[in-house]
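Dear colleague,

Please find below the structure that I am handing over to you. My notes on what was found in it follow directly after.

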Amino acid sequence: MTEHITLIAKLATVDTHLDELRDELGDLPITVKGLEERVKECSLLVEATQQKLDEIDHLRGTAHVTTQELHDKEQKLAKQQFKVKNNREFDAITKEIQHIKTEVAELEDNLRTSHVKEENLRATLEIETSVLSEAREKLDDKEKELEELSGDQNDELKKYIKLRLKIIAELDDTLEAEYERIRTFHKEAAVGIRRNSCSGCFSAVPSQKIMEMKYNREKLYACENCGRILYTEEIQNSVDELLDA
Ligand SMILES: [Zn+2]
């Protein structure tokens with residue numbers, strides 16, 4: 001029959017491993033999700049910039065025809081203006097011609113500035129594309145990491161869960177309940193004494209108490225400051241050996 005305190009120490013050690021495994025995996029899926037969002041975001045930026053560049057291409061490709069059309073329209077209107085019967089019609093056509101002139105001026109202006117715009121957009125696109133590929137690379141890495149970890153983890157998880165069940169089967173139910181009760185406050189419900197201190201809250205443990213613990217291994221001792229169950233360094237060492245085996 002294994003001593004209670006050794007079982008508790010084993011249980012705490014196994015739980016620490018299990019917590020660590022779950023923590024490791026716990027962050028990674030969130031990281032992967034965040035990176036997926038980032039990749040999506042960057043892709044949208046690249047698309048938007050590319051679209052603006054396409055628009056410039058389109059503007060240049062059609063500018064000649066559009067200018068010609070506007071010019072023809074203007075000439076037609078100018079001819080019409082000679083045949084008007086009253087001032088009202090004359091003014092209406094003048095307005096229309098003015099409108100066309102403005103359109104032509106805008107088009108020319110756009111064409112003129114399109115080179116600078118294009119240059120800026122190309123520079124932006126370059127940055128956005130490199131940020132996107134960085135994000136993709138990071139995502140790939142983290143996805144792989146998650147995949148590998150899940151694989152390795154499964155084996156380790158299985159091992160520790162099996163070990164935990166074995167310990168629980170041996171452990172007194174009241175003690176198990178007490179352990180679980182403490183665990184609702186402190187993740188590590190039982191901790192070793194290190195350098196004469198509780199390794200949970202680092203408050204000093206009186207040497208008198210440590211001596212007692214060494215000789216009375218049937219009684220459970222708790223840290224007076226944090227309430228965690230305490231065990232001696234010797235027990236910690238024997239637990240480590242058992243778990244490594
Ligand atoms: Zn403590």
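With which residue does R164 form a salt bridge, and how far apart are the closest N and O atoms? The partner of R164 is D15, and the closest N and O atoms are 2.6 Å apart. A salt bridge here is a side-chain nitrogen of Lys or Arg within 4 Å of a carboxyl oxygen of Asp or Glu. The pair joins distant parts of the chain, since R164 lies in helix α2 (residues 87-170) and D15 in helix α1 (residues 4-82), 149 residues apart. Helices (H or I, at least four residues) and strands (E, at least two) are DSSP runs, numbered from the N terminus. R164 and D15 are both buried; buried means under 20% relative accessible area, exposed over 50%, and partly exposed in between, with a 1.4 Å probe and protein chains only.

Before going further, please note that this is a predicted model, in which local features need pLDDT of at least 70 and side-chain atom pairs count only at pLDDT 80 or more, while totals for chains, interfaces and linings use all residues. Residues are numbered from 1 along each chain as its sequence is written, and side-chain values use heavy atoms, with hydrogens and water left out.

Salt bridges

The count of salt bridges comes to 14. R164 and D15 also belong to a network of salt bridges that links them with D19, E180 and R183. Another salt bridge joins the side chains of R60 and E118, at 3.0 Å from N to O. R60 is in helix α1 and E118 in helix α2, so this pair ties together parts that are 58 residues apart in sequence. R60 counts as partly exposed because its relative accessibility is 27%, whereas E118, at 17%, counts as buried. Within helix α2, E145 and K142 meet in a salt bridge of 3.4 Å, N to O. These two residues are three apart in the helix, which means that about one helical turn separates E145 from K142. E145 is partly exposed at 37% relative accessibility, and K142 is partly exposed at 26%.

The zinc site

The zinc ion is coordinated by the SG atoms of C198, C201, C223 and C226, at 2.2 to 2.3 Å. Donors are N, O and S atoms within 2.8 Å of the metal (3.2 Å for Na, K and Ca); water is not among the atoms, so sites may look incomplete. In sequence, the donor residues follow the spacing C-x2-C-x21-C-x2-C. Why is the arrangement tetrahedral? The four donor atoms subtend angles of 105 to 113° around the zinc ion, which makes it so; four donors count as tetrahedral if all angles lie between 85 and 135 degrees. C223 is buried at 5% relative accessibility, and C226 is buried at 18%, while C201 is partly exposed at 24%. A search of the whole structure finds zero disulfides, a disulfide being a pair of cysteine sulfur atoms within 2.5 Å.

The largest pocket

The largest pocket has a volume of about 220 Å³. Its lining consists of 14 residues, and T16, E188, R194, Y231 and Q236 lie nearest its centre. Helix α1 gives the most to this lining, with five residues. α1, β1 (190-194) and α5 (233-244) each supply at least two residues of the lining. A pocket is an open set of points on a 1 Å grid over the protein atoms alone, where a 1.4 Å probe fits, with protein on both sides within 12 Å along at least five of seven lines; lining residues have an atom within 4 Å of a point. Grid points are joined across faces, edges and corners, and a volume is the space filled by probe spheres set on the points.

With kind regards

Technical notes: Tetrahedral: all angles 85-135°; square planar, octahedral: opposite > 155°, others 65-115°.
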